[in-house]
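Colleague: I would like to learn how to read strands, helices and cores in a model such as this one. Could we take them in turn?

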Amino acid sequence: MPDRPSPDAVRAYYADRPAPLVAATGIVLDTRGRVLVLTTSYKSDLELPGGTVEDTETPEQGLARELREELDLGVPVGRLLAVDSRPPGPLGRSLIVHVHLVGPLSPQEAAAISFADGEITAARWLRPEEACAVLPARVAPRLRAGLAALHTGSFAHLVDGVPQPGSPAGLDPARRAALEHAGTLDAASHRASRPKALTAASVLFTAADGRILLVQPAYGRTDRWHLPGGGIDSDLGEIPRAAARREVREELGLDLAPGRLLAVNWSHKPGRPARIRFLYNGGVLDAPTLARIRLNPTELLQWRTVPREELPALVKGALRRQITACLEARASGAGPLELHAGRP
């Protein structure tokens with residue numbers, strides 16, 4: 001094990017570095033959502049993987065190098081989750097830290113981690129709340145904000161570990177509300193920090209015998225079947241009805257105008273964006289129309305029509321409840337229904 005450098009040697013090393021210092025940190029996850037936390041030979045505090053970026057590197061390149069050198073880990077560096085700017089401290093240099101997602105690592109990749117250069121002496125996989133509790137005060141806020149950005153599909157802007165007004169992720173909801181009520185957020189910061197929602201449009205088709213048309217995705221969880229449909233391109237000005245028609249055309253090769261709106265479903269998990277689905281009536285497809293279906297192989301593996309009683313084996317509970325509610329609304333002429341996780 002190498003000797004721990006003296007404080008004077010550390011200060012001399014950093015004093016010779018250009019300002020500001022740039023570092024890159026990885027939030028390395030496994031398939032169970034656990035965070036990799038490291039014990040080093042040169043610090044008493046626990047650390048996340050990463051280190052200082054060299055003059056000729058980008059933060060992504062620097063983090064990839066550190067992962068190879070410290071952990072013998074050759075995996076891609078993922079998207080930027082957060083940036084933390086720290087004013088000059090005991091080392092006399094300001095510091096900019098880029099926080100990137102790495103993984104999730106497969107069990108094989110996680111098992112292959114080793115400590116070839118001796119800087120790392122141990123590694124532990126901890127649940128996020130456990131990792132935040134044991135990491136030092138300068139590191140834990142980056143992890144919390146980075147995970148918030150990961151779960152919301154957003155980005156966190158920190159200064160000395162504190163999420164800034166207008167940060168799209170990591171800002172405590174109570175703090176955001178206080179800033180809004182005080183009128184201290186400019187229009188751009190207000191938009192950036194407001195909660196976001198994901199929107200989708202789906203179409204309920206049935207065959208002449210009442211069986212429901214389902215499709216099997218070619219990506220994500222292929223064991224779960226879905227209604228035809230997908231995300232609304234709201235950034236392009238697309239409206240839900242147009243999205244439903246486009247998705248059916250792209251997925252099934254059928255250009256059919258959706259019928260009436262049967263329901264709007266709202267679902268939400270803590271720490272994630274809300275999901276809003278518009279469900280349209282596609283009507284009854286006769287045998288010749290079903291025969292014209294041509295799947296987009298990049299999106300779908302297969303399609304089938306199923307009786308209502310087979311839905312529990314194929315479709316997750318929230319979507320099954322949405323389908324059931326829409327079938328009842330279509331039969332009775334009710335609606336549009338307002339649903340929460342499929343429940344009226």
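Predicted model: local features only at pLDDT ≥ 70, side-chain atom pairs only at ≥ 80, totals over all residues.

Colleague: Which strand runs parallel to E5, and how many bridges join the two?

Modeller: Strands pair when DSSP finds at least two bridges between them. Strand E1 (residues 21–30) runs parallel to E5 and is joined to E5 by nine bridges, with Gly26 standing opposite His100 in E5. Strand E4 (residues 80–86) also pairs with E5, in the antiparallel sense and over six bridges, and there Arg86 has Leu95 as its bridge partner.

Colleague: What do the buried residues of helix H2 pack against?

Modeller: Helix H2 (residues 59–71) spans 17 Å from its first C-alpha to its last, close to the expected 18 Å. Its buried residues, among them Leu63, Leu67 and Leu71, pack against E1, E2, E3, E5 and E6. Just after H2, Asp72 takes a positive phi of about 55°.

Colleague: Which residues touch the most other members of the largest nonpolar core?

Modeller: In soluble globular proteins, nonpolar side chains tend to be buried together. Here the largest nonpolar core has 28 residues, of which Ile27, Val35, Val37, Ala131, Leu135 and Leu143 touch the most other members. Helix H5 (140–152) gives the most to this core, with five residues. A second, separate core of 18 residues includes Trp225, Leu314, Ile323 and Leu327.

How values were computed
Residues numbered from 1 in each chain as written. Heavy atoms only, no water. Helix = DSSP H or I, 4+ residues; strand = E, 2+ residues; numbered from the N terminus. Expected span 1.5 Å × (residues − 1). Buried < 20%, exposed > 50% of the residue type's maximum accessible area, 1.4 Å probe, protein only. Contact = heavy atoms within 4.5 Å. Core = buried A, V, L, I, M, F, W, Y, C linked by side-chain atoms within 4.5 Å.
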